[in-house]
Amino acid sequence: MPIYKAPLEDVRFVLDEIVGADKLAQLPGYEDATPDLINQVLEEGAKLCEEVLFPLNQSGDEEGCTFENGVVRTPKGFKEAYDTYIAAGWQGLSCDPNYGGQGLPKLVNTMLEEFICSANLSFGMYPGLSLGAYNALSMYGSEELKQRFLGRLVDGTWSGTMCLTEPHCGTDLGLIRTKAVPQEDGSHKITGTKIFISAGEHDLTENILHLVLARLPDAPAGTRGISLFLVPKFLPKDDGTPGPRNGVACGSIEHKMGIKASSTCVMNFEDATGWLVGEPHKGMRAMFVMMNAARLAVGIQGLGLAEVSYQNAVNYARERLQGRSLKGAKHPDKPADPIIVHPDVRKNLLTARAYTEGARALGALVGYHLDVAERHPDPRTRKEADEFVQLMTPIVKALFTDIGFDAANIAVQVHGGHGFIWETGVEQYVRDARICQIYEGTNGIQALDLVGRKLGQDMGRLLRRFFHPVAADIETDMEKEELAEFALPLAKAFAKLQQATAIIAQKGLKDPEEAGAAASDYLRLFGLVALGWMWLRMVKAAQAKLAAGEGNAAFYDAKVKTARFYMAKLLPQTNALFITIMAGAKPLMELEDAAF
Amino acid sequence: MQIKRAAVIGSGVMGSGIAAHFANAGIPVVLLDIASKEGDRSAIAKGAVQKLLKADPAPFMHPKNAKLVTPGNLEDDLHLLAEVDWIVEAIVENPAIKADLYTRIDPVRKEGSVVSSNTSTIPLNVLVEGQSEAFQRDFLITHFFNPPRYMRLLEIVGGEKTRPDALAAVADFCDRNLGKGVVRCKDTPGFIANRIGVYWIQTAINAAVDLGLTVEEADAIVGRPMGIPKTGVFGLVDLVGLDLMPHIAKSLLATLPENDAYRAAFREHPVITKMIAEGYTGRKGKGGFYRLNRAGGQKVKEAIDLTTGEYRRSEKVKLESVSAAGRDLKALADFPDKTGQYARKVLAQTLAYAASLVPEIADSIVAVDEGMRLGYNWKHGPFELIDRLGTAWFADLCRSEGIPVPALVETAAGQPFYRVEDGKLQHLTTAGVYDNVVRPEGVLLLSDIKRASKPVWKNGSASLWDIGDGVLCVEFTSKMNAVDGDIMAAYGKAMGLIGDGKGQWKALVIHNEADNFSVGANLGLALFALNIGMWPQIEEMVEGGQRTYRALKYAPFPVVAAPSGLALGGGCEILLHSDHVQAHAETYMGLVEVGVGLIPAWGGCTEMLARYSKNPKAPKGLMPPIATAFETISLAKVAKSAAEAKDLMYLRASDGITMNRDRLLADAKAKALELAQSYTPPEKTTYTLPGPTGRTALELFLEGFALQGKATPHDQVVCGALAEVLTGGNADITEPVTEERMLGLERKAFMELVRTSGTIDRVEHMLTTGKPLRN
């Protein structure tokens, strides 16, 4: 049976010593979000995840969702768990208090999401989609729509979806065919088919609010002719309770590789009543609000899976007695040494650990900037924070989900043959992790977003938000004797990243295929440097604590050693990536299509 | 004959502008207008000189040139005409009044002096009617374009009796001394440029109305895509004045041949007539086809709706036809929408009209193309435009538009109007054969050299050319001629090739034929490098530039730069390091780095300090040269002419000025060869500088500025860094500072500034808006 304990100590370390989450309480509206309160909330959240959600993960995977006569049933226990979840107000944790939310920082929610995804990724899909719908509606919906629907999303009695993909188009949304016909009362009639709709139909809530992309009759072709509509499963009555069934129904659900307890639906809209969200033809803009938030959330899914995979791998490596250490028996009292004594096993474990902890720090930093971008009184600071988030979004999404999959694979590997067995529980993480690299824009698309959109924007202004603080940290820390061993490898990798950035920008201007060919390697290079930066900050904080003799010395000592592992064993991948990037597009493009 | 003194009669916009330009050429000029009835009898001409001094863009290249203009009146001062070699008449376009004036001046003028009229519409044979034989021999038409200093075209027309030597002397004077592109025209209405230009304007307006285009759409077609200034046609009429158009039309209609196509094209549009009647006559009036509406405290660009005649908010247009066609003019004319149709109509009618006028208005197509290029700032003349379409394709276009195919196009029979044969540019004659395009004597064009040869060497931003007699020429080819690493590499390559100057190559000339010599260092590249924190690379860029510029300065061969247009920042600094600058009169030099939060660091501070220190006219003492350099650089002063650049010492007294752009390269090359005969590199300069005490003085001065609100917070940061450089850092007067040390200070200050957010904001703002940020 798999195990899971929320990594509260590491989260506290990241929040207090890396991100400086105590500054959150200085932001208007977050006055209550003191470190103490945040701690309490996360401890409660950890309990919920460990005790309520985690026990349903394997059973949910086994049972999956079922579809019968247009009705989708979630696995046993999910409805009760969901009721517990919303009863405690978790759904509205970071939502607007005016609509019943608790108004806590997004950073807190980001950390909680990691726990949920570790505990039960399939379950997490339902509240996650609702939050996406909440974000889009609260930013672009009319006052009337907000009054009618937001409260229900916040208290979790109703849930939300994002209906983008159609049978013939996913990445290229310009091709969308679903139609919206204006009605005299200001509403619209929506007709069309959407596929791959997560949480499109289920039995957890009394109503479901679909946010649907569709075309108005006078819509221009392409993405500039797409509008966003709110289409409820049940049309609300005047008193706000669900009324008559709307013209939307689930046609079937998909049988999938992973996240089996999350329903993935074909949704058929037939003259379904909907209301315009935002301006006509500006649906992509609203969609991007959802999508950007969702991309970060998917990145956190990867992190959650990495963490739980790591925990199980370590647990097994400690317990499994097999053979002896290469240098002779370490536990002569036992029939064999635990496999954790072996260098290669340790390499696997440390890889998962170093990626996971680095990603957690980076994820928290991005989460913090989300709050600054929204709440900081100084417009310039807000803008700069937003630019940092924009730049890091594709990296968080792609890098973290790659890490999640890698860590899950490592967990299976460390388990040996047992890892391949369903009951052990870790192979589920491999299957669950796989979708994270695909949905919300495949990781290849994330890489294109990074080199195509983020890199060149305003002659590299977004880049400044990352490169300048990293350059400054390196400069200061290189001077310090105790940090030089960490700062130097980072400086080398950073220089490679700078060079690659300049060259891709230059080559990409002349030939976009050059940028495209470098994209995914570049994203990985960027991501590795970003994690290296986090490790430099972490080791600095840990050394300070050790020197001062404060806190849990074993914890800080492990930080220093993991940092050393990262700088010595993982970061040097940047060299190979750099060489690959320099090789350009030709090796990819010269073989004729027909010759494949 | 030689022209040493001149007179202009009529002190209106054209007359006074022509007088100012004589003064720009160093020629004393008498400016006469009618006598005032009361007070100062020369008040009108005097007032005109005052207006010249305030006009923008400035008619004078230097305010002191005004002293060369002697204002007077036509009653008391006619005797002054006895001293001048050339009298230009620029009075009202009325044959009777002109005739009366001619009879009055003929008896007093110097024997053998030339008289010319600046008429744009009255035929020469009408003007000389009834005048003396001598007058008729000495008379010609010299048609300047407005504003005379800046517009390069001069149309010159001789009559049957005009002395050929007079014609030749005036043409030569206008070419060399006034810097004009002189085009000989026949005595036909509107000569070349206006004849075609007015027809083009009329056609373009007609077609816009007929096809229902907005003025923005029309200008987006009949502008950039055709190589015409972006003002297009409606923007141009706003500049010229809507009210002027009916006058020109009337005059042309009175004199044009019976069957001229303009007669059929001429149309009065009620919307325009109403605009003129209500005072909407263009930029000089209440507004034109476009206006800036300042009502409500905001500046809103508005445009006229051609159907209703009402103003509405101006729309930025992005035409599908233009983006789809790219540089292909044919594709634009073939684009299946009304904007494509518009392009088709305007091109067909205008170009066919122009083609039908040779040989009626000029003997060769070369004169017609030159006229439209220099008189209307078209990038390509009509025949060059037809070549872009192909003569056969154009003939088909005429047929499909129901326009008779012009005889000359038939003659071309599918062959181009211009071709390159053995490296020589040739044009098609009316006889159907190709003749070489002949440049005036003493004109050397890089474009001709480029046609005839391959570059000695080139990279992405620069080429090296063999311009003959052992002189190598660096040409910038980067966007806006921005200076980058490739240009530095080209200098390096040139130095390698020339070596000690005793072999195949003797000297280097730095020149290009773009509108602007160079706008300075490539800021876009710099900003990107800066955004990703590539500090060592940025420092290397600064140091590399310093090394290259110094190497050129101390190279064992002469370096002569020949700029025209803007030479800013790093593009100005290369001029400061050249042994000699042969500047086009219209060269605008400036060290403008402060505008983007930086200081000149390719030796600009160091060189300017050396120049001001060596200025014999400066007050004695350590501080005056430092203060002057500080002022020039901190205010980012840009000279509005080569003459002004001498005042600011961006140019040395010994540097040369060439009035005619086409003669610039030849002059520079001659100078380079002259210097090469016995060349020794300059001596190194050392600087005696006050160090911190001097800096404190400058900082006090700066604080004063800040208190008056004249310096922003970041100005103080930038100027503080500049002060540190110019005072020699921690120098002290007992120890002279070397050039190397000065360059080190420039570099240090630059690297400090480049890391400040204030500077990054300025660079970014400049790149995104084109304007300096005042932060």
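1. Let me start with one residue pair: Phe144(B) has Leu154(B) as its bridge partner in β7(B). The two strands concerned, β6 (residues 139-144) and β7 (residues 153-158) of chain B, run antiparallel and are joined by five bridges. For the terms, strands (E, at least two residues) and helices (H or I, at least four) are DSSP runs numbered from the N terminus, and two strands pair if DSSP finds at least two bridges between them.

2. A word on what we are looking at. This is a predicted model, in which local features need pLDDT of at least 70 and side-chain atom pairs count only at pLDDT 80 or more, while totals for chains, interfaces and linings use all residues. Residues are numbered from 1 along each chain as its sequence is written, with chains lettered from A and ligands numbered from 1 in the order in which they are written. The model has an ipTM of 0.88 and a pTM of 0.88. Chain B has an average pLDDT (the predictor's confidence in each residue, from 0 to 100) of 95, and 100% of its residues score at least 70.

3. Back to the strands of the opening point. β6(B) and β7(B) belong to an open sheet of eight strands with mixed pairing, in the order β3-β2-β1-β4-β5-β6-β7-β8. At its edges are β3 (69-73) and β8 (181-184) of chain B, each pairing on one side only. On average, neighbouring strands here are turned by 25° against each other, direction ignored. Helix α2 (residues 43-54) of chain B lies across β2 (29-33) and β3 of chain B, at about 125° to β2(B). Axes are lines fitted to C-alpha atoms, for helices over the stretch in contact, and angles between N-to-C directions run from 0 to 180 degrees.

4. Chain B also has an open sheet of three strands, antiparallel and ordered β9-β10-β11. Four bridges link β9(B) to β10 (residues 300-304) of chain B, and Arg291(B) stands opposite Glu302(B) in β10(B).

5. On the domains: chain B is assigned domain 1 (6-184), domain 2 (193-428), domain 3 (446-592 + 639-681) and domain 4 (594-637 + 683-775). These bounds come from an automatic or database domain assignment. Between the C-alpha centres of domain 2 and domain 4 of chain B there are 49 Å.

6. In chain A, have a look at helices α5 (residues 106-140) and α7 (residues 283-319), which pack at about 175° with their axes 9 Å apart. α5(A) is therefore roughly antiparallel to α7(A), a label for angles over 145 degrees.

7. Pro182(A) has His188(A) as its bridge partner in β5(A). Five residues lie between the strands, and Gly186(A) takes a positive phi near 95°.

8. Finally, which residues does the contact between the chains take? It takes 13 residues from chain A and eleven from chain B, with contact meaning C-beta atoms, placed from the backbone, within 7 Å. On the chain B side, α22 (523-531) and α32 (757-769) each supply at least two residues, and α22(B) gives the largest share, five residues.

Conventions. Contact = placed C-beta atoms within 7 Å. Parallel < 35°, antiparallel > 145°, perpendicular 65-115°, else oblique.
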